[in-house]
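Visitor: Hi! I have a new model open and would like a hand finding my way around it. Could we start with the open spaces and then go inward?

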Amino acid sequence: MLSAAFGAAASSQAKYVFYFIGDGMGLNQVQLAELYGAETDGGRIGREPLLMTGFPVVSVGSTFSESNGVTDSAASGTALASGVKTANGCIGVAADKKTPLKSIAHRAKEAGRRVGISSSVAINHATPAAFYAHNKSRKNYNAIGRDLPASGFDFFGGSDFWGVTPADSAGLFNEARRAGYTIVRGYDAYKKAASSASRMILFQDSEASAVDSRTTPYAIDRRSGDLSLAQIVSAGIDFLAKDAPNGFFFMIEGGNIDWECHSNDAAAVAAEVRDFDSAIAVAYDFYRQHPDETLIVVTADHETGSLCLGTGSYDLNLRALASQKVSEVQFSRMLNDAHRRGGGNFSWDDARRMLADNFGFWEEIELTPEQEESLRAAFTRSYGKERQSTQSEYQKDVPLASEAKRILDSIALVGWGSGGHSASFVPVFAIGSGAENFKALNDNAQIARRIARIGGYPVEN
């Protein structure tokens, strides 16, 4: 719980600006993380508050795009970056798909600030791209990647480049190096190279990218040595704060929240929101050292999944989610690995043991006969004569993994309305210099304009 030490921050210009965007993080995603924290801390009914919800300014924001009532991340990212709404699918351009829009990151750079852009997913994905790139389509990943070194920003952090061929990837790395960027993989490599680098790109290690270059490992799956969002924030602060007489602007996206919401994986979402909060804590430590010069704003580009807390019984059982040890996608990998090792001998009994170990079924979690039969049917769909898969926005998973997750969510009394985005309000949390400007209802385009004004690089008209 945050104390009164937050106090009343000065409303003067912010020298240091942190802009956190929880992709897909609606109000209920935050509430899930807090309620889950309470239930797993002694079985309490109530909230185990996150750092961000204790910020002195708490409000909501709207997210509709210029073209759609339900936005995508390209349009919402562009509005959050430039202060101008655009059509779904557009990155850093107006709804005419031609007119470039200048992001507040570009404006900060022009005003003499050092600039950092980072994410827990690929750096050429929609939200981070909206701060440095201009393209009519978010899917033009190679062209978007080429806009990165052209921006001249000081620090980039993320999983890797995504959606490009090996040849394109090599070209993007070469262009970045020619533009003066030092490219490192992993936090330890960053610490070794930081002092001599003039510009920096921090990616996860090659082993993690070989598994999935699109995203850093989910918080629920993270192993020792995996790059975390908190480490990216720590590296970014370290790099941006050096030789920064005019301060810095630093955008940090929690992109993994959205991916887990697209797959309706409640346990993984709770872990991811709490992990995002841990990254915010790194910035908060910096704020405590510079309370009169720092602004931290936390929001989201949209809600994903139409998350429902309570499915009709006037109760929750979120403690059940603690029995899930891995994400749906990681469990799919584990099942497929076991199937390959076993060849034709991978049986329901083998899968049953894996379900017990990773979801607590039959041991910590009791199943009805109907639920067990549903799992057995999913096993047949997964490894029978005609193997099937389940598809969400970013993942193709094993039906058995999907069914295990669905059953556990139902036991936890968590529901999902869709596998896509919704038009729900999103949270806005703020602390520091100028934070009082975010007390009222915030539209996503207004958030960018207010941040730029407080930072001293205002958006015209």
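Guide: Happy to. Keep in mind that this is a predicted model. The largest pocket has a volume of about 350 Å³.

Visitor: Which residues lie nearest the centre of the largest pocket?

Guide: Those are V211, P217, R223, Q330 and R333, out of 17 residues that line the pocket.

Visitor: And which elements give two or more residues to the lining?

Guide: Helices α8 (206-211) and α12 (328-342) do that for the largest pocket.

Visitor: Let's go inside, then. How many residues are in the largest nonpolar core?

Guide: It has 92 residues, and F18, F20, F155, V298 and F361 have the most contacts inside it. Helix α11 (residues 266-289) turns up again here, giving the most to this core with 13 residues.

Visitor: What does F155 touch?

Guide: Leaving out residues up to four places away in sequence, F155 touches V115, G116, I117, Y190, M200, L202, I232, A235, G236, F239, L240 and F250.

Visitor: And what about a second core? How many residues does that one have?

Guide: The second core is separate and has 48 residues, including A133, A448, A452 and V459.

Visitor: I see a lot of rings. How many aromatic pairs are there?

Guide: The structure holds 33 aromatic pairs. One of them is F18 with F248, an edge-to-face pair at 5.4 Å centre to centre, with 85 degrees between the planes. F18 lies in strand β1 (residues 16-22) and F248 in strand β7 (residues 248-254), so this pair ties together parts that are 230 residues apart in sequence.

Visitor: Are those two buried or exposed?

Guide: F18 is buried, at 0% relative accessibility, and F248 is buried too, with a relative accessible area of 1%.

Visitor: How are the rings of F155 and F239 arranged?

Guide: Their centres are 6.2 Å apart and their planes are at 40 degrees, so the pair counts as tilted. F155 is in strand β4 (residues 155-157) and F239 in helix α9 (residues 229-241), which puts the partners 84 residues apart. F155 is buried at 0% relative accessibility, and F239 also has 0%.

Visitor: Which residues form an aromatic cluster with these?

Guide: One cluster takes in Y16, F18, F20, F155, F239, F248, F250, F276 and F286.

Visitor: What about charges over rings: what sits over F64 and W362?

Guide: K85 lies over the face of F64, 4.0 Å from the ring centre. Over the ring of W362 you'll find the charged end of R352, also 4.0 Å from the centre.

Visitor: One last topic. Why is helix α2 largely enclosed by the rest of the structure?

Guide: Because 10 of the 10 residues of α2 (residues 73-82) are buried. They pack against β1, α3 (104-110), α4 (126-129), β8 (294-299), β14 (421-422) and α16 (444-455).

Visitor: And what follows α2?

Guide: G83 does, with a positive phi near 80 degrees.

Methods:
Residues numbered from 1 in each chain as written. Predicted model: local features only at pLDDT ≥ 70, side-chain atom pairs only at ≥ 80, totals over all residues. Heavy atoms only, no water. Phe/Tyr/Trp six-rings, centres within 6.5 Å; stacked < 30°, edge-to-face > 60°. Helix = DSSP H or I, 4+ residues; strand = E, 2+ residues; numbered from the N terminus. Buried < 20%, exposed > 50% of the residue type's maximum accessible area, 1.4 Å probe, protein only. Lys NZ or Arg CZ within 6 Å of the ring centre and 35° of its normal. Core = buried A, V, L, I, M, F, W, Y, C linked by side-chain atoms within 4.5 Å. Contact = heavy atoms within 4.5 Å. 1 Å grid on protein atoms, 1.4 Å probe; cavity = no way out; pocket = protein on both sides within 12 Å on 5 of 7 lines; lining within 4 Å. Points joined across faces, edges and corners; volume = space filled by probe spheres on them.
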